[in-house]
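Colleague: I have a model open and would like to talk through its packing. Can we take it piece by piece?

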Amino acid sequence: MKYKDVDSYIISADPISHSTLREIREIILKSIPDVNESISYNVPFYKFNGVHVGFGAFKKHATFGIGADVLSDKHREKLKKLGYQTGKETVQIKYDQEVPTDYLRLLLEEKISKAKDND
(Lines give C-alpha, C1' and ligand atoms only; values in the text may rest on other atoms or scores of the structure.)
Protein backbone atom coordinates (compact mmCIF):
# COMPACT_ATOMS: atom_id res chain seq x y z
CA MET A 1 0.00 0.00 0.00
CA LYS A 2 1.21 3.52 -0.82
CA TYR A 3 0.59 6.07 1.93
CA LYS A 4 -0.36 9.63 1.01
CA ASP A 5 0.45 11.12 4.42
CA VAL A 6 1.49 10.26 7.97
CA ASP A 7 -2.08 10.05 9.22
CA SER A 8 -2.92 7.35 6.67
CA TYR A 9 0.30 5.51 7.57
CA ILE A 10 -0.59 5.40 11.27
CA ILE A 11 -4.23 4.47 10.68
CA SER A 12 -3.18 1.63 8.38
CA ALA A 13 -0.77 0.17 10.94
CA ASP A 14 -1.84 -2.45 13.47
CA PRO A 15 -3.94 -0.73 16.17
CA ILE A 16 -1.50 -1.92 18.86
CA SER A 17 1.08 0.47 17.35
CA HIS A 18 -1.06 3.61 17.13
CA SER A 19 -0.26 5.21 20.49
CA THR A 20 3.48 4.57 20.09
CA LEU A 21 3.54 5.95 16.54
CA ARG A 22 1.51 9.02 17.51
CA GLU A 23 3.80 9.70 20.46
CA ILE A 24 6.95 9.46 18.32
CA ARG A 25 5.36 11.77 15.75
CA GLU A 26 4.45 14.32 18.43
CA ILE A 27 7.98 14.26 19.87
CA ILE A 28 9.44 14.96 16.43
CA LEU A 29 6.95 17.71 15.57
CA LYS A 30 7.43 19.47 18.92
CA SER A 31 11.23 19.13 18.87
CA ILE A 32 12.02 20.37 15.37
CA PRO A 33 10.85 23.85 14.35
CA ASP A 34 9.67 24.14 10.73
CA VAL A 35 10.09 20.43 10.01
CA ASN A 36 8.74 19.11 6.71
CA GLU A 37 6.58 16.04 7.39
CA SER A 38 6.14 13.64 4.46
CA ILE A 39 6.15 10.04 3.35
CA SER A 40 9.42 8.83 1.80
CA TYR A 41 10.26 5.21 1.07
CA ASN A 42 6.64 4.60 2.17
CA VAL A 43 7.32 5.57 5.81
CA PRO A 44 7.04 8.88 7.75
CA PHE A 45 10.03 11.17 7.16
CA TYR A 46 10.81 14.53 8.73
CA LYS A 47 13.23 16.74 6.80
CA PHE A 48 15.00 19.83 8.09
CA ASN A 49 18.29 21.63 7.37
CA GLY A 50 19.26 19.02 4.77
CA VAL A 51 18.88 16.03 7.13
CA HIS A 52 16.03 13.75 8.12
CA VAL A 53 14.63 11.48 10.81
CA GLY A 54 11.70 9.10 10.65
CA PHE A 55 9.85 6.15 12.05
CA GLY A 56 8.24 2.92 10.99
CA ALA A 57 5.79 0.34 12.31
CA PHE A 58 6.69 -3.33 12.49
CA LYS A 59 4.85 -6.34 13.88
CA LYS A 60 6.14 -6.09 17.46
CA HIS A 61 7.88 -2.71 17.60
CA ALA A 62 8.24 0.77 16.16
CA THR A 63 11.58 1.94 14.86
CA PHE A 64 12.76 5.52 15.34
CA GLY A 65 15.42 6.39 12.75
CA ILE A 66 17.81 9.12 13.85
CA GLY A 67 21.07 8.30 12.00
CA ALA A 68 24.49 6.97 12.91
CA ASP A 69 25.86 10.51 13.16
CA VAL A 70 23.87 10.95 16.39
CA LEU A 71 23.27 7.44 17.70
CA SER A 72 26.70 6.86 19.19
CA ASP A 73 27.93 3.76 21.02
CA LYS A 74 27.39 5.67 24.28
CA HIS A 75 23.75 6.28 23.39
CA ARG A 76 23.29 2.67 22.30
CA GLU A 77 24.69 1.39 25.61
CA LYS A 78 22.44 3.72 27.63
CA LEU A 79 19.34 2.71 25.64
CA LYS A 80 20.23 -0.97 26.02
CA LYS A 81 20.42 -0.51 29.82
CA LEU A 82 16.96 1.07 29.64
CA GLY A 83 15.65 -2.01 27.81
CA TYR A 84 15.61 -0.78 24.20
CA GLN A 85 17.27 -2.45 21.24
CA THR A 86 19.21 -0.32 18.78
CA GLY A 87 20.62 -0.64 15.32
CA LYS A 88 23.33 1.44 13.70
CA GLU A 89 20.87 4.28 13.07
CA THR A 90 17.69 3.26 14.89
CA VAL A 91 15.99 2.73 18.23
CA GLN A 92 13.42 -0.05 18.52
CA ILE A 93 10.47 0.56 20.82
CA LYS A 94 8.32 -2.48 21.60
CA TYR A 95 4.63 -1.73 21.81
CA ASP A 96 4.52 -2.81 25.45
CA GLN A 97 7.35 -0.37 26.34
CA GLU A 98 7.02 3.29 27.17
CA VAL A 99 8.39 5.60 24.52
CA PRO A 100 11.70 6.98 25.86
CA THR A 101 10.47 10.54 25.33
CA ASP A 102 13.29 12.38 27.07
CA TYR A 103 15.95 10.31 25.34
CA LEU A 104 14.39 10.77 21.90
CA ARG A 105 14.25 14.52 22.53
CA LEU A 106 17.94 14.48 23.50
CA LEU A 107 18.83 12.64 20.28
CA LEU A 108 16.76 15.09 18.24
CA GLU A 109 18.47 18.05 19.91
CA GLU A 110 21.84 16.60 18.92
CA LYS A 111 20.60 16.01 15.36
CA ILE A 112 19.36 19.60 15.11
CA SER A 113 22.65 20.93 16.48
CA LYS A 114 24.69 18.90 13.97
CA ALA A 115 22.42 20.03 11.11
CA LYS A 116 22.88 23.68 12.11
CA ASP A 117 26.66 23.23 12.32
CA ASN A 118 26.69 21.90 8.75
CA ASP A 119 24.42 24.67 7.48
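What follows is a short exchange on helix packing, the core and one loop of this predicted model.

Colleague: How are α2 and α4 oriented to each other?

Modeller: Helix α2 covers residues 18-31 and helix α4 covers residues 101-117. Their axes come within 10 Å and cross at roughly 40°. Angles under 35 degrees would count as roughly parallel, and 65 to 115 as roughly perpendicular. The two helices are therefore oblique.

Colleague: Is the crossing of α2 and α4 left-handed or right-handed?

Modeller: The α2 side of the contact is E23, I24, I27, I28 and S31, and the α4 side is T101, L104, R105, L108 and I112. By class, that contact has six nonpolar, two polar and two charged residues. As for the hand, α2 passes α4 in a crossing that is right-handed.

Colleague: How are α3 and α4 oriented to each other?

Modeller: Helix α3 spans residues 73-81, and its axis lies 12 Å from that of α4. The packing angle is about 170°. Over 145 degrees counts as roughly antiparallel. So α3 and α4 are roughly antiparallel.

Colleague: Which residues of α4 make the contact with α3?

Modeller: On the α3 side, the contact uses H75, K78 and L79. By class, the whole contact has four nonpolar, one polar and two charged residues. The α4 side consists of Y103, L106, L107 and E110.

Colleague: Which element gives the most to the largest nonpolar core?

Modeller: That core has 31 residues. The top contributor, with six residues, is α4.

Colleague: Which residues have the most contacts inside that core?

Modeller: Take F55 as a case. Leaving aside neighbours within four places in sequence, F55 is in contact with residues including V6, Y9, L21, I24, I28, Y46 and F64. I24 and I28 also belong to the contact of α2 with α4. The residues with the most contacts inside the core are I24, I28 and F55.

Colleague: Where is Y41 found?

Modeller: Y41 has a positive phi of about 55°, although it is not a glycine. N42 also has a positive phi, about 65°, and is not a glycine. N42 has its place in the loop between β1 and β2. Y41 is found in the loop between β1 and β2.

Colleague: Is Y41 buried or exposed?

Modeller: N42 has a relative accessible area of 28%, so N42 is partly exposed. For Y41 the relative accessibility is 77%. The cut-off for exposed is over 50%. Y41 therefore counts as exposed.

Technical notes: Residues numbered from 1 in each chain as written. Predicted model: local features only at pLDDT ≥ 70, side-chain atom pairs only at ≥ 80, totals over all residues. Heavy atoms only, no water. Axes fitted to C-alpha atoms, helices over the stretch in contact; angles between N-to-C directions. Helix = DSSP H or I, 4+ residues; strand = E, 2+ residues; numbered from the N terminus. Left-handed = near helix turned anticlockwise from the far one by under 90°. Contact = heavy atoms within 4.5 Å. Nonpolar A, V, L, I, M, F, W, Y, C, P; charged D, E, K, R; others polar. Core = buried A, V, L, I, M, F, W, Y, C linked by side-chain atoms within 4.5 Å. Buried < 20%, exposed > 50% of the residue type's maximum accessible area, 1.4 Å probe, protein only.
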